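Please keep the sequence and the model open beside the text while reading.

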Amino acid sequence: MKGEEGNKRYISSEELKEHNKQGDLWISIQGKVYNVSDWAKDHPGGEVPLLNLAGQDVTDAFIAYHPGSAWQYLDKFFTGYHLNDFQVSEVSRDYRKLVTEFVKLGLFEKKEHVTLYTLTSVAVMFSIVVYAVLRCTSVWAHLGSAMLLGLLWMQSTYVGHDSGHYEVMSSRGYNKLAQVLCGNCMTGISIAWWKWTHNAHHIACNSLDYDPDLQHIPVFAVSSRFFSSIRSCFYGRELKFDALSRFLISYQHWTFYPVLCFARVNLYLQTLLLLFSGRKVPDRALNILGILVFWTWFPLLLSCLPNWPERVMFVLASFVVCSVQHLQFCLNHFAANVYVGPPKGNDWFEKQTSGTLDISCSSWMDWFFGGLQFQLEHHLFPRLPRAQLRKISPLVIDLCKKHNLPYRSLSFVEANLWTLKTLRTAALQARNLIDPSSQNLLWEAFNTHG
């Protein structure tokens, strides 16, 4: 019930929930209620994160994604209402203390020249690739350059990823330039598409109907709940589980690695579908220009190879090497816990620990994984430069232990086995043509990781 106490006006969390749709979008931060209905489409992180968290307190998510300077812009959205039942859990309290500690230590500003080193390596690798194609006649040199191009795409993607979460350059303009160069121009994948899907993934980590990174019907399904043809709240359509889906998913533990080798084809397609859709796309022209740059230099490079067999070999080899990165993204989430429904603002820390897996490796391999082997740390502190993730990992482990939350760090081999087990289990369930639902839910009840 709305009410007043002194000079403050109050509403309840139940009343806040009523403002949870496009055109009527309210959120709460630190117990103060804000109306962001008209501003949602101008939100730098896109409209989707706000819609997913609409009608609830979003303090932890706001803290995770925004620097301290963002607080000054909230007042113009203030409705005048406060939540009369606003509470902060012990987990959230400790999480916020940790963020404050990192701010005091200046960790969010300590990037340690990682971007400079990575961009330099990308430039060197690109020069070697071009030289090997243009000046070398050996098929082995061409094969090696193709594999190097795959590695180049991985490293370039990491820069694009970093620049999407925090400023890796000296200004916002240069940061956007780095995004377009490393994403659109170098890899052929639009930074606009990446932001659209990636922000939704972070907010709704491992929600089957809200997280686009788990919605791979008809090719993959990590949970039997997809067999009920659930509706994707991200794409706004039903993820239909039909005969084709059943057939493909029945063998997904065998097709997993081969499909990943061609995953880039889907990303190219998704990029084009977004950029030429009726959806509002920030910097559409710049993104299209960047894509045109890629589809100019890459075909030209292929045309310099002596024959079609070598061109096919070159594409396949570069795709196969780069598939390791696609695999890594899957390992971080496919075998973790899943849920159905929208994310909730009052269990931010819990949902991130539940839906992520870390990949343990030596520090000298950090460059290869781009810091994303510390997936939980990255999800909890997405603005934190990757150079700091290994350093803060022990603090995250301690916080998980304190609140009895899962912290799972597997070797690369173990993570692959966990993922294949998850895919195989869903595959075997998909083959049950009679009534898979009861068996699947029972299996999930007894075999949920963590």
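## A cis proline and the loop around it

Pro 218 belongs to the loop between α8 (191-203) and β7 (231-232), where helices (H or I, at least four residues) and strands (E, at least two) are DSSP runs numbered from the N terminus. The peptide bond that leads from Ile 217 to Pro 218 is cis, with omega near 15 degrees. Most peptide bonds are trans. The model is a predicted one, in which local features need pLDDT of at least 70 and side-chain atom pairs count only at pLDDT 80 or more, while totals for chains, interfaces and linings use all residues. Residues are numbered from 1 along each chain as its sequence is written, and side-chain values use heavy atoms, with hydrogens and water left out.

Ile 217 also has a spatial relation to Phe 241: the two are 24 residues apart along the chain, and their C-alpha atoms are separated by 7.3 Å. Phe 241 sits in the loop between β8 (237-238) and α9 and has a relative accessible area of 10%, so that it is buried (buried means under 20% relative accessible area, exposed over 50%, and partly exposed in between, with a 1.4 Å probe and protein chains only). Leaving aside neighbours within four places in sequence, Phe 241 is in contact with Phe 226, Phe 227, Ser 229, Arg 246, Ile 249 and Ala 430, where contact means heavy atoms within 4.5 Å.

One of the contacts of Phe 241 is Ile 249, and in helix α9 (residues 243-250) Ile 249 is buried together with Ser 245 and Ser 250. Seen down the axis of α9, these buried residues fall within an arc of 125 degrees and therefore line one face of the helix, the arc being that of the directions from the helix axis to the C-beta atoms. An α-helix has 3.6 residues a turn, so residues three or four places apart point the same way.

The face turned away from the buried side of α9 carries Ala 243 and Phe 247, which are exposed. What covers the buried residues of α9 includes α10 (252-261) and α18 (412-430).

## Two helix pairs

Helix α4 (residues 90-105) packs with helix α17 (residues 389-402) at an angle of about 165 degrees, the axes being 11 Å apart; axes are lines fitted to C-alpha atoms, for helices over the stretch in contact, and angles run from 0 to 180 degrees between N-to-C directions. The two helices are therefore roughly antiparallel to each other (angles under 35 degrees count as roughly parallel, over 145 as roughly antiparallel, 65 to 115 as roughly perpendicular and the rest as oblique). From α4, Asp 94, Tyr 95, Leu 98 and Phe 102 meet Ile 392, Leu 395, Leu 399 and Lys 402 of α17. By class, this contact of α4 with α17 has six nonpolar, no polar and two charged residues (Ala, Val, Leu, Ile, Met, Phe, Trp, Tyr, Cys and Pro count as nonpolar, Asp, Glu, Lys and Arg as charged, and the others, Gly among them, as polar).

The axes of α11 and α12 come within 11 Å and cross at roughly 145 degrees. Tyr 268, Thr 271, Leu 272, Leu 274 and Leu 275 in α11 meet a set of α12 residues made up of Arg 284, Asn 287, Ile 288, Ile 291, Phe 294 and Trp 295. The residues of this contact of α11 with α12 divide into eight nonpolar, two polar and one charged.

## Positive phi in two loops

Asp 283 lies in the loop between α11 (263-275) and α12, and although not a glycine, Asp 283 has a positive phi of about 55 degrees. Asp 283 is partly exposed, with a relative accessible area of 36%. His 113, in the loop between α4 and α5 (114-135), likewise has a positive phi, of about 60 degrees, although it is not a glycine. At 55% relative accessibility, His 113 counts as exposed. Most residues other than glycine have a negative phi.

Val 133 lies in helix α5 and counts as buried at 2% relative accessibility. Not counting residues up to four places away in sequence, Val 133 touches His 142, Ser 145, Leu 301, Cys 304, Leu 305 and Phe 314.
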